[in-house]
Amino acid sequence: MNRDRLFRLRRLIAVASIGMSSSFAFAQSKVTYDDHVVPILRNHCFTCHNSERKRSDLDVSTYIGITAGGSSGEALAAGDAAGSLLFKLMNHDEEPKMPPKGPKIPDAELSVIKKWIDGGILENTGSKAVVSKKPKLDLAIKAGPGRPDGPPPMPNGDLLLEPVVTTDKPGAITALAASPWAPLVAVAGQRQVILYNADTLEIEGILPFPEGFPYVLKFSRSGRLLLAAGGVGAKLGKAVLFDITTGKRITEVGDEYDAVLAADISSDQSMIALGGTNKLIRVYATADGELLHTIKKHTDWVTALAFSPDSVLLATGDRSGGAHVWEAHSGNPFYDLKAHTASVNDIAWRGDSNVVATAGEDAQIMLWEMNNGNRVRNWGAHGGGTQSVKFAHDGRLVSAGRDKLVKLWDANGGQQRAFDAFPDLALHAAISHDHTRVIGADWSGQVRIWLAADGKLQGTLAANPPVLAQRLEADGKRQVEAKSQHEKLAAAHAAAVEAAARMTA
């Protein structure tokens, strides 16, 4: 495990090393592996990718080998050359460009490979074309840090405003999240998620979650999608993706027999990972809900997980204090993070993907660097246990804990501010997209927003909002009160103007 391996992973992600460069005349209408593709591969690929020497576990010297793919998954997508890893590397659409130390393969040869893939990757003239596996749902975007192009995603005004459930008293806040690019806060409620405008503190929309309680809320790195995962204990577990601009359910994955306790969506939006009481981590494809791989190393409930911002790594933690880092696209182990002595309650990545933070029931926040997996810093953040930790874009952190406090830390773990204590255990903390506000939630159902600069309370958010008619009635009363106050101030102003005129005379 070293810096070189991490560097290779970040450049490869799901790559089989394939090198090609030759000249080949092509004038056939039906392209096959045996007749047209093998000559190209023999000259430039067989040396590294054959049955005896399989770099990245890829053998292109046989039809069975090349269609089976390698350690990073399938190299070919039948009927879709543009979506095939093999073609993208050869065409220099992705890194590492192949051949690694040579010029790009001539266009004439690329056209052979392209036509072969688009034609259904025929083995020979007597073969039938393979049915295309082109994704049913294409959510994939380019992974990595930085603000996406265009205005930040916000609800368009068509979302539901009527609560799904309204109870006499609020319960513990099971999940909380802040958009990475917009003034939007998501608060988990019973069978629903409430979206608030962090500037106005008004409800922007309500997302029904009939599966049960949302125990996890995560905005995608683009800010356009919201992952809600949870369910009903001992009955159902599922993860749902919402488009926050329209409120529509985009897709759902998982069919667990218990509630999902930990989940995340990769920043390239191609994968969703789930964890829970079965001690397993399951990684699904967002395109079609296919289970990509299952990780079985945890010995207790999986309580936290998070993809790195570049989608290369996946960090996970469990109730016994175990924490691990995996290669996201393969599920192969990368690092064991051995230090916590109690449950790992939350995991968060710094924006550059080089540092991951773990928060534990042992009160600690620990920072781990990914060059060699070493712990570079740790501190006792909250007496009794740290429940939540999140990174801001500027490298600072916010946390919440059993001491009823939400705290703001600098990048080195120095405390910058502790906000007013909650009446009960502080369960969740988040920071706004512009670093100006800190949001916290507790066991009693309170959600507060403070100004980060001075700690002043900006307002509160309801996880159990009243029905729309009651909110409209309350707004009407406020308008009447505001109008009355305005009239009083206007009368006082007129009297002051009149008095000033008399004095001037």
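Author: I66 touches Y33, L41, D59, V60, A75, L76, L86 and W116, leaving aside residues up to four places away in sequence; touching, or contact, means heavy atoms within 4.5 Å. This is a predicted model, so local features need pLDDT of at least 70 and side-chain atom pairs count only at pLDDT 80 or more, while totals for chains, interfaces and linings use all residues. Residues are numbered from 1 along each chain as its sequence is written, and side-chain values use heavy atoms, with hydrogens and water left out.

Reader: Why are α2 and α5 called oblique to each other?

Author: Helix α2 (residues 33-44) and helix α5 (residues 107-118) have axes that come within 10 Å and cross at roughly 140°. Angles under 35 degrees count as roughly parallel, over 145 as roughly antiparallel, 65 to 115 as roughly perpendicular and the rest as oblique. The pair α2 and α5 is therefore oblique.

Reader: Which residues in α2 and α5 meet?

Author: Y33, H36, V37 and I40 in α2 meet E109, V112, I113 and W116 in α5. By class, this contact has six nonpolar, one polar and one charged residues.

Reader: What makes R191 partly exposed?

Author: Buried means under 20% relative accessible area, exposed over 50%, and partly exposed in between (1.4 Å probe, protein chains only). R191 has 35%, so R191 is partly exposed. R191 sits in the loop between β2 (184-189) and β3 (192-197), and its phi is near 60°, a positive value in a residue other than glycine.

Reader: And what makes K279 partly exposed?

Author: Its relative accessible area is 36%, so K279 is partly exposed.

Notes. Axes fitted to C-alpha atoms, helices over the stretch in contact; angles between N-to-C directions. Helix = DSSP H or I, 4+ residues; strand = E, 2+ residues; numbered from the N terminus. Nonpolar A, V, L, I, M, F, W, Y, C, P; charged D, E, K, R; others polar.
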